[in-house]
Amino acid sequence: MNSAFRIKETLYTETSNNNVFALIPAGRTVPATWEQSFGTSAENQRSFDMHLLRGVSDNLRDNTSLGKWRIGGIPAAPIGEHRINVIIRVGTDGSVGLRANLNNQPLPVTLLTEAYPKIPLTFRVPSIPSDQ
């Protein structure tokens, strides 16, 4: 019998107004990947922070923090000149990986918080045999 791993709870990122934005929905088969480009929002912006959470609520306080990361190495430039591509991947073991690049060149990503405890983000779903 085949089975698949699925994400238990939605993976969110914190937005500037203390809300959350869903990146990868609960129930999605893993491995799962989310990718988005962000423009710089300040003159000569050199880095930005990304807070990842898991949970079931659109309210920031109702979810569990997985950690805060800083994406750095952005060259000084006018607002919006750079587009930073961020890739988040959830593996079958529940691990979360975050990468970022600018013009296909990797940017340094630093974990700002203590490493989060190993919280299982995935669960195994048995396949349902067909009646055929």
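So, when I say salt bridge today, I mean a side-chain nitrogen of Lys or Arg within 4 Å of a carboxyl oxygen of Asp or Glu. Keep in mind that this is a predicted model.

With that cut-off, searching the whole structure turns up two salt bridges. Let's take Arg54 and Glu9: their closest N and O atoms sit 2.3 Å apart. Arg54 is in strand 5, while Glu9 is in the loop between strand 1 (3–7) and strand 2 (10–14), so this pair ties together parts that are 45 residues apart in sequence. Is Arg54 buried or exposed? Buried, because its relative accessibility is 15%, and the cut-off for buried is under 20%. Glu9, at 22%, comes out as partly exposed.

Now the other pair, Arg70 with Asp49. Here the N to O distance is 2.6 Å. Again it links distant parts of the chain, with Arg70 in strand 6 and Asp49 in strand 5, 21 residues apart. Both ends are partly exposed: Arg70 has a relative accessible area of 36%, and Asp49 has 44%.

If you want one to look up on the screen, Phe48 has Ile71 in strand 6 as its bridge partner.

Zooming out, both strands belong to an open sheet of five, ordered 3-2-5-6-10, with antiparallel pairing. At the edges you've got strand 3 (20–24) and strand 10 (109–111), each pairing on one side only. And on average, ignoring direction, neighbouring strands in this sheet are turned by 35° against each other.

Conventions
Residues are numbered from 1 along each chain as its sequence is written. This is a predicted model: local features need pLDDT of at least 70, side-chain atom pairs count only at pLDDT 80 or more; totals for chains, interfaces and linings use all residues. Side-chain values use heavy atoms; hydrogens and water are left out. Two strands pair if DSSP finds at least two bridges between them. Helices (H or I, at least four residues) and strands (E, at least two) are DSSP runs, numbered from the N terminus. Axes are lines fitted to C-alpha atoms, for helices over the stretch in contact, and angles run from 0 to 180 degrees between N-to-C directions. Buried means under 20% relative accessible area, exposed over 50%, partly exposed in between (1.4 Å probe, protein chains only).
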